[in-house]
Amino acid sequence: MRGRPTVLHLDMDAFYASVEQAAKPSLRRKPVIVGGLGPRGVVATASYEARRFGVRSAMPMAQARRLCPNAAFLVPRFAVYRGISETVMALLAELSPLVEPLSLDEAFIDLDAGGGAGSAEEARRTGERLRARIEEVTGLTGSVGLAASKMLAKIASEQAKPDGLRLIVPGTERDLLAPLPVRTLPGVGPATAETLRRAGIATVGDTVRAGEAELVRLLGKAHGAALYAMANGVDERPVVADQEAKSISVEDTFPVDVTDRARVRYEVARLADRCTERLRAAGRAGRTVVLKVRRHDFTTLTRSDTLRGPTDDPRVVREAAGRLIEGVDTTEGVRLLGVAISGLADWTQEDLFAQALPAAAEEPAPAVAEPAGGPAAPAPAWLPGLDVAHARFGPGWVQGSGLGRVTVRFERPGSPPGRVRTFRVDDPELGPGTPLPLVEGAGAADPPGERALLPPRAPA
């Protein structure tokens, strides 16, 4: 264990919902719920105003609507979230070369590697500068935890939420951990927690008092010994930078078991397409297609098919996933389906074939005849939360649609709450819009080093 709080954990506050509140002034300080809006949708993020009604991430959207019917329910804008995440991760890289992203809105930073934590007070100042800089550049808030290990830094950031900083002084770990629920510890999920509960172990302090031998008896040697160390505040996991994804996956859990075979095939094809979209967005290709099936009784099966070479072709992935589901019996019902692509590479098999062909041998693709009057443009999907632009009224966002009408609120980040107008869905002056920056021009003209998060280091 380190003797100084040199591990920093940043967790952006209600990230997706906070982005939407910053982009849409009329939603600030109001309940906002982001996620899938269909009958099987789940909550991706809920604002703190919505959480007061009991809404939580991963909750079925139908339940969230019952708990908080007056919230704004919006579809995710992942391209916007990724752009802001890249900005935040660039700020973290100014602190240290060792940044370990966990998701778009969460990361560990090893301050030792960047010279930003010579003492506990220096670590605190670094954390506060980081929080201020994130708010200045993005308009959003993040919570920071500082401690001597990753586990404790994450616990500290959770206790600091929202918009705060918590530093755990080395040597105080056991007193801090003792009253916390045992599920606070990494690796303790519902099954492990139930095993411990039956043995009378409910808190981290109970875990320590039970002793390593008892935990090994209950959970096995590896898990029991690791849990005992964590309960005593010991976590030797290093901050690891540039962790490369080993696979890209998507999955859906169904509120009602799916028994219709045609529906199962349809869902697998849809998941394969979504997975390929993520693969292409990451600029990768993959060689192995993996199918995941969780049956009605919670038994989970995986099947895989390794292709001759990496691909990012949705037709190939869809066909491989379709072959895999044909070998699985789903007659008694399916609770969950998932498709993953592993064996990732930065090239595709098609790239190699293209490189092998001489330029003179390449033939142009055959022209496709267009219907008279030119190609028909696809109709926009007027989903709540998406950006739109009107030829006369400017930028806005979809507040709702139905019965051939779409309701738009015209406002932009930094403006007062805007006016609402309703149009026909085929209004020629209304179309999809471009997301606007949350903070106009923030950081755009900063010369390198001038806005550094770390103070200048004293000469040796």
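View 1. On one side of helix H8, Pro190, Ala191, Arg197 and Arg198 are exposed, where exposed means over 50% relative accessible area, buried under 20% and partly exposed in between, with a 1.4 Å probe and protein chains only. On the other side, the buried residues of H8, which spans residues 190-198, are Thr192, Ala193 and Leu196. Seen down the axis of H8, these buried residues fall within an arc of 100 degrees, so they line one face of the helix; the arc is that of the directions from the helix axis to the C-beta atoms. Helices (H or I, at least four residues) and strands (E, at least two) are DSSP runs, numbered from the N terminus.

This is a predicted model, in which local features need pLDDT of at least 70 and side-chain atom pairs count only at pLDDT 80 or more, while totals for chains, interfaces and linings use all residues. Residues are numbered from 1 along each chain as its sequence is written, and side-chain values use heavy atoms, with hydrogens and water left out.

**View 2. The surroundings of H8.** The buried residues of H8 pack against helix H10 (212-219) and helix H11 (221-231), contact meaning heavy atoms within 4.5 Å. After H8 comes Gly200, whose phi is positive, near 85 degrees.

**View 3. Strand E2 and its partners.** In strand E2 (residues 32-35), Val32 and Val34 on one side and Ile33 and Gly35 on the other are all buried, so that both faces are covered. E2 pairs with strand E4 (residues 72-74) in the parallel sense over three bridges, pairing requiring that DSSP finds at least two bridges between two strands, and Phe73 in E4 is the bridge partner of Ile33. With strand E3 (residues 43-46), E2 pairs in the antiparallel sense, over three bridges, and here Thr45 is the bridge partner of Val34.
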